[in-house]
Amino acid sequence: MRRTDPIIVGAGPAGCAAAITLALDGRKPLLLERSAEVGDALCGGFVSWRTMETLQSLGVELTGHPITHLRIFAGQKRASAPLPQPGHGLSRHAMDSALVKRAVHCGAGIERGVVVRDLKSVSLTQGAAVLLATGKQDLKGHERPRLDPDPALGLRIRLPASPALRALIGDSIELHIFRKGYAGVELQEDGTANICLAVRKSLLAQAGRNPAALLHQLAADNPHFGDRMGGFDARTRIDAVANVPYGWRQTADPHGLYRLGDQCAVIPSLAGEGNGIALASGQSAARALLAGIQPGQWQKDFAQRTRRPVGLATGLWRMSELPLGGRVLTQMLRAFPSLAVWAADATRIRR
Ligand SMILES: Cc1cc2nc3c(=O)[nH]c(=O)nc-3n(C[C@H](O)[C@H](O)[C@H](O)COP(=O)(O)OP(=O)(O)OC[C@H]3O[C@@H](n4cnc5c(N)ncnc54)[C@H](O)[C@@H]3O)c2cc1C
């Protein structure tokens, strides 16, 4: 069988944004997605004002738990500053469900339960443009480089948002900075508190490669974080993702395909802009494809758009990992709240 309409591998935010944009132009893109149904992907759940604008431009209207402030904790120190504009605490289940629904409504096809293993066979046998949107998972032959000897990994738990937890977190996105990592904490629209960590692999190794032991240890060592972890017990599900190549950007295209989302740029998650970049890349690549712009040219152009937000977020993430980095960031936030406003804005992808 030959297809001339584009094939999109992965129905996360990036793949869906591309599918919606192509379908709105009358094309019949096909999404190939390995999971049988929409899940709740590991994510901090912070949706920025800019990401909301992109969602709206795709015809997706969503509201999450309002987030108006950034709060940072490092040891006993804490500081808070208003965000430039309100963000949202939104579960990935809600966002991904709405995006898939919109894509199908616009005319995109979707095949679920399809694990694409060989990208070449998809493009060669069917002869269509291929958009690679597999996010955190790399495809054989298209791996992102693993240069860091002590790579970052993500851990995520969701706790029922009890009244006590609601009172603690409120309308803030919290960053709890500790040695070799941080935890992002926020309330979501689904009645949960999302607690998502990015830590170095060696930190997990020190905890005997046991994520639950690591979480208990961090809660014991960091009192403010411990307060939020009160509901964590042996029944709590822990999601994990390994080898997150923070700071990496794809600047060229050696394979003749459009690489989207985490497959084209991985912004350190403390910026809370990965979903924004994913949506923007899908929308932008689809427009490029419709305009006849070659993948290599588009990849180069889009890499320019991600340079500032990814560069700045990577610098802040590295700084937070320095021995006194968390304390310095907390003091800076306290002394210059306007700096936080600037950094929060500068780590967004421009529309
Ligand atoms: C610890 C952590 C916290 C984060 N917190 C935030 C945050 O608060 N806010 C924010 O904006 N961003 C955050 N991010 C980043 C955000 O999660 C990603 O940038 C975003 O998910 C990228 O979207 P995507 O569509 O590229 O990939 P994904 O969301 O990973 O979607 C990829 C899709 O492809 C499918 N797939 C994978 N392989 C195959 C295959 N072989 N065949 C078929 N289908 C396949 C998957 O099942 C999935 O549905 C965080 C990331 C981490 C690691």
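Here are some numbered notes for finding your way around this predicted model and its ligand.

1. Ground rules. The model is predicted, so to speak of a local feature takes a pLDDT of at least 70, side-chain atom pairs count only at pLDDT 80 or more, and totals for chains, interfaces and linings use all residues. Numbering starts from 1 along each chain as its sequence is written, and side-chain values use heavy atoms, with hydrogens and water left out.

2. Polar atoms at the ligand. An N or O atom in the side chain of Asp262 sits 2.7 Å from a ligand oxygen. A polar backbone atom of Phe46 is 2.8 Å from a ligand nitrogen, and a backbone N or O atom of Ala133 is 3.4 Å from a ligand oxygen. The protein covers 93% of the 1000 Å² of accessible area that the ligand has on its own (Shrake-Rupley method, 1.4 Å probe; for residues, only the protein chains shown count as cover).

3. Five strands form an open sheet with parallel pairing, in the order S6-S2-S1-S7-S13; strands pair if DSSP finds at least two bridges between them. Strand S6 (109-112) and strand S13 (258-259) are the edges, each pairing on one side only. Strand S1 (residues 7-9) and S2 run parallel, joined by three bridges, and Ile8 stands opposite Leu31 in S2. S7 (residues 130-132) and S13 also run parallel, with two bridges, and here Leu131 faces Tyr258.

4. Inside S2. Leu30 and Leu32 point one way, Leu31 and Glu33 the other way, and all are buried. Buried means under 20% relative accessible area, exposed over 50%, and partly exposed in between (1.4 Å probe, protein chains only).

5. Arg144. Polar atoms of its side chain lie 2.9 Å from the backbone oxygen of Asp262 and 3.0 Å from the backbone oxygen of Lys136. Not counting residues up to four places away in sequence, Arg144 also touches others, including Trp248, Arg259 and Val266 (contact means heavy atoms within 4.5 Å).

6. Arg348. This residue is in the segment after helix H12 (337-346). Arg348 counts as buried because its relative accessibility is 5%. A polar atom of the Arg348 side chain is 3.2 Å from the backbone oxygen of Gly272, and a polar contact of 3.3 Å joins the side chains of Arg348 and Thr347. Leaving aside neighbours within four places in sequence, its contacts include Phe46, Trp49, Arg50 and Pro309.

7. Helix H2 (residues 49-57). Its buried residues are Trp49, Arg50, Thr51, Met52, Thr54 and Leu55. They pack against strand S3 (46-47), strand S5 (77-89), helix H3 (92-106), H9 and H12. Just after H2, Gly59 takes a positive phi of about 85°.

8. Ile20. This one is in helix H1. At 0% relative accessibility, Ile20 counts as buried. Apart from neighbours within four places in sequence, Ile20 is in contact with Leu58, Leu99, Arg102, Ala103 and Cys106. Its C-alpha atom is separated by 28 Å from that of Asn194, 174 residues apart along the chain.

How values were computed:
Polar contact = N/O pair within 3.5 Å; in protein donor to acceptor, adjacent residues only side chain to side chain. Helix = DSSP H or I, 4+ residues; strand = E, 2+ residues; numbered from the N terminus.
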